[in-house]
Amino acid sequence: MTRYNASATEAKWQKVWTENETFTVTEDYDLPKYYVLEMFPYPSGRIHMGHVRNYTQGDVVARYKRAKGFNVLHPMGWDAFGMPAENAAMEHNVHPAKWTYENIDHMKSQLKSIGFSFDWTREFATCDPEYYGKEQAMFIDFMNAGLVYRKESWVNWDPVDNTVLANEQVIDGKGWRSGAVVERKKLNQWFFKITEVADDLDAELENLERWPEKVRVMQKNWIGRSKGMHLTFNASQNDEEITVYTTRPDTIFGASFIAIAADHPLAAEHAENNADLGDFIKECRKLGTSEEALEKAEKKGFKLDLTMKHPFKEGCELPVYVANFVLMEYGTGAVFGCPAHDQRDLDFARKYDLNVQAVVIPSGEDVSTFAVENIAYTDPGTIGNSEFLDGMTVEQAKAKIIDLGEEGGFGSATTNYRLRDWGVSRQRYWGAPIPIVYCDDCGVVEIPKEELPVILPEDISFDKPGNPLDHHPTWKHVNCPKCAKPAQRETDTFDTFIDSSWYFARFASPKSDAPFDKKAVDYWLPVDQYVGGVEHAILHLLYSRFYTRAMKEVGLCDVKEPFDGLFTQGMVCHETYQDKEGNWVLPEDLDKQSDGTFKIRATGEVVKAGRSVKMSKSKKNVVDPTAIIDTYGADTARWFMLSDSPPERDLEWTEEGVEGAWRFTQRLWRTVTTNLDAVKNVTADQPSNFSKEAQDLRRMTHFSIASIGKDIEDFHFNSSVAQTYKFSNAIGAFKSNNSEGDLFALREAIESLILVTSPMMPHLAEEMWKMVGKEGLVSDAAWPVSRPELIQETSVTVVVQVQGKLRDKLEVAKDMDKAEVEALALASDKVQKAILGKEIRKIIVVPNKIVNIVV
RNA sequence: GCCCUUGUGAUGAAAUUGGUAAACAUAGCAGAUUUAAAAUCUGCCGCUCUUUAUGGGCUUGGCGGUUCAAGUCCGCCCAAGGGCACCA
């Protein structure tokens, strides 16, 4: 018997799929559509196991939905802008474009070798001017719609390299390359008004029912919507005022101080003739970037020579502090402190010996005796010690204060968000240029759309520190599009999160001269099934949701939410190994000993096996997909990725597991080849008689079709795999007597087995499909039809319990009458033994399932 | 500190959503085949007690509760992982 030759067979079918354009899809507006998308990769150079798992999951769904008759869009492209290309340019003196496109070529060939059903005709890279030019055009649309603005904002500045650093390039407050202490610097930068739709982004989370609850919660917390009020206090000494934001106006009578942020304008004003305050403000700013870990617990303040009048309490004066725990970026940068009902305020009050007055009294406590010691009371209660608020609930008191504030003109209800506007300027080369020109006379001028794209210059150098676009000899010098006088280009480029915020729309019509064809986008979007890592739960997914709203706002599409269904897959993990010196060792350099320990092949040294963690280059616990595919074939790798572990959980990569998957591909092949002669010439006509065994096999066949399909739809691939094992084992165990009925059942089983396996192991399925004499490709074949009447059992096992304990099992006819089952149960010897001498109190009969006798 | 998730045999896990816990696979053990090994095939495989049976008891992180019945629902606690982190 021949063995299945994976590498030759897989290459053969990949070629056939390409030549036949099997997975090329068109906008057939009459067909029901299904859009499957996996998060597109950054072209780092090589595919890793995480990609293989991610794309295998998406591919199974895509192939399954195709078989179910959907018009399936399953595209692939490249998130091609970003810093690694610039780092490579600096380290290896290779142009970012060259580096990126070479990586794309290599990774594309790797992806092709795994047999994914991508429509490669729709492929694009975001670093192509054909793509980013459309992004520039949309930026201008957004600008005209008032969704974009420019303001000064802080960046991390490396004073040695003279460059802006991303947050991840700042390590312990120092630049990753230079080691210099990072400074904060203000630059003019572009922002998207994501906060303008914060309310809708928050509210619509509720309707994203096919998203993981976890991701929705994370986004909700990130948006951080809170309802409160603005409240203005007037100074006792002069006409200064401070407006605070509070969510607890009900606790106003418990207020004992006002605190403002170090960056608050009033703080700066007072610092002008107070050097100590100036020092304190500097200290607060430092805290922000570096030593937060050390200082975060300690609340510190600087008392100003200023007090504020309590708005409701005659004669009550509140001291004003500059405090390190108040943030200028949130609310108004000022708060009133109510120590009894806020832990931070309480810590602060204890340190500076301020009054702690409880004004919310828990039920069961007495107003006169209830006091707060070191834990602030934040739960509901009745208002007390608060004059006209006394006796109200927290909610009533909040409403009352807001009313009074609005009447008196010193307060108003407000909603606040933790979410901040999206800063999109990056002081880098390898990104999409922002299509703006600065003119001395006309100010900020957008590039006219017909002059787009603004293309990145190719002749750049990374010799000098800083942004190559900025020190390019000619690129930034242009004439103003309005007045034609000499002007300067914006040299910042877009945040690469913009690139990934609309690529899913571009896939709908990747050759369009517009960003996309509206009809095509309205047909394909939203993405029905998006698959990717949970590490993108917040930023990428939130930005995409905003961006899609923005595109709708400017009339580019009618879709608001980009992703209807989201699935976040787990990581791929592997054991780690360390030698005597503690150096990490690659699994492929090891030999396994018979006692289960590992030795380095070259030196014979025994290594220490550590816990299993996410595969990473730094820990060297990686397995190269190419090596696995060369040894076992893509179908084996795919099968292993789907087996055992539920897809949302982490997967432990083991040699034994891969071996097991490989053995199964061979077993499937044998199951089909050994039965080939018997079933090859069986006609499709169904005989009228089936043996008991044939009926059982048909039940298994039709049950498997239904069960495997449902498990794929529910993302329970490990269950699909388990059922496929059972199905295949049943066929292997089937002894045909060569009667018409047996042969029919066997042929039906084998054909169905090939079909249900095809989304998971497409190459092997294609080969077997041909072997059993089928015309056409299994990739084009319809999912088999499961006949429910063949799944029905005629008899069922009913369990008999006494006092909830299993005592006997009965084989009875399905849907047998309750009384009859009860009688049978009581007739059982074992049951009689168990209830001997006891009185029967109650008998519960669940049809076809269980009888429970209570004594 | 707050929020979320997970916890089941030696291992990855399953359990029709309250109704036979451990399907399927991996590892292991025994046997067949083989000159031998690999591969393949067959059988066993949660713990425990005794009278070794077509027997009894126990078992889903721990303790308690609801129920005829709990891996599943409720309460408290423990452990691991993830997210947020002075957000007023």
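**How the terms apply**

Guide: Chain A holds 27 helices and 34 strands, where helices (H or I, at least four residues) and strands (E, at least two) are DSSP runs numbered from the N terminus. This is a predicted model, in which local features need pLDDT of at least 70 and side-chain atom pairs count only at pLDDT 80 or more, while totals for chains, interfaces and linings use all residues. Residues are numbered from 1 along each chain as its sequence is written, chains are lettered from A and ligands numbered from 1 in the order in which they are written, and side-chain values use heavy atoms, with hydrogens and water left out.

Visitor: What are the dimensions of chain A, and what share of its residues count as buried?

Guide: Along the principal axes, the C-alpha atoms of chain A fill a box of roughly 105 × 85 × 65 Å, and 53% of the 855 residues count as buried.

Visitor: Why does glutamine 427 count as buried?

Guide: Buried means under 20% relative accessible area, exposed over 50% and partly exposed in between (1.4 Å probe, protein chains only). Glutamine 427 has 12% relative accessibility, and therefore counts as buried. Glutamine 427 sits in the loop between strand S18 (425-426) and strand S19 (436-439).

Visitor: What makes polar contacts with the side chain of glutamine 427?

Guide: A polar contact is a pair of N or O atoms within 3.5 Å; within protein, one must be able to donate a hydrogen and the other to accept it, and residues adjacent in sequence count only if both atoms are side-chain atoms. The side chain of glutamine 427 has such a contact with the side chain of glutamine 189, at 3.4 Å, and another with the side chain of aspartate 492, at 3.2 Å. Leaving aside neighbours within four places in sequence, the residues in contact (heavy atoms within 4.5 Å) with glutamine 427 include Val155, Val164 and Leu187.

Visitor: Which residues come nearest to RNA strand B?

Guide: A residue is near a strand if one of its heavy atoms lies within 4 Å of it. Of the 48 residues around RNA strand B, Thr247, Tyr330, Arg344, Asp644 and Asn852 come nearest. A polar side-chain atom of asparagine 852 lies 2.7 Å from a base oxygen of RNA strand B, and one of lysine 809 lies 2.9 Å from a base oxygen.

Visitor: How many cavities are found, and what makes a space a cavity?

Guide: On a 1 Å grid over the protein atoms alone, a cavity is a set of points where a 1.4 Å probe fits but cannot get out, whereas a pocket is an open set with protein on both sides within 12 Å along at least five of seven lines; lining residues have an atom within 4 Å of a point. The search of the whole structure finds three cavities of 30 Å³ or more, a volume being the space filled by probe spheres set on the points, which are joined across faces, edges and corners. The largest cavity has a volume of about 110 Å³. Of its 14 lining residues, the closest to the centre are Arg63, Ala67, Ser758, Val778 and Ser779. Helix H2 (residues 49-67) gives the most to this lining, with four residues.

Visitor: What is the volume of the second largest pocket?

Guide: The second largest pocket holds about 510 Å³ of space. Among its 23 lining residues, His574, Pro587, Phe598, Thr654 and Glu655 are the closest to its centre.
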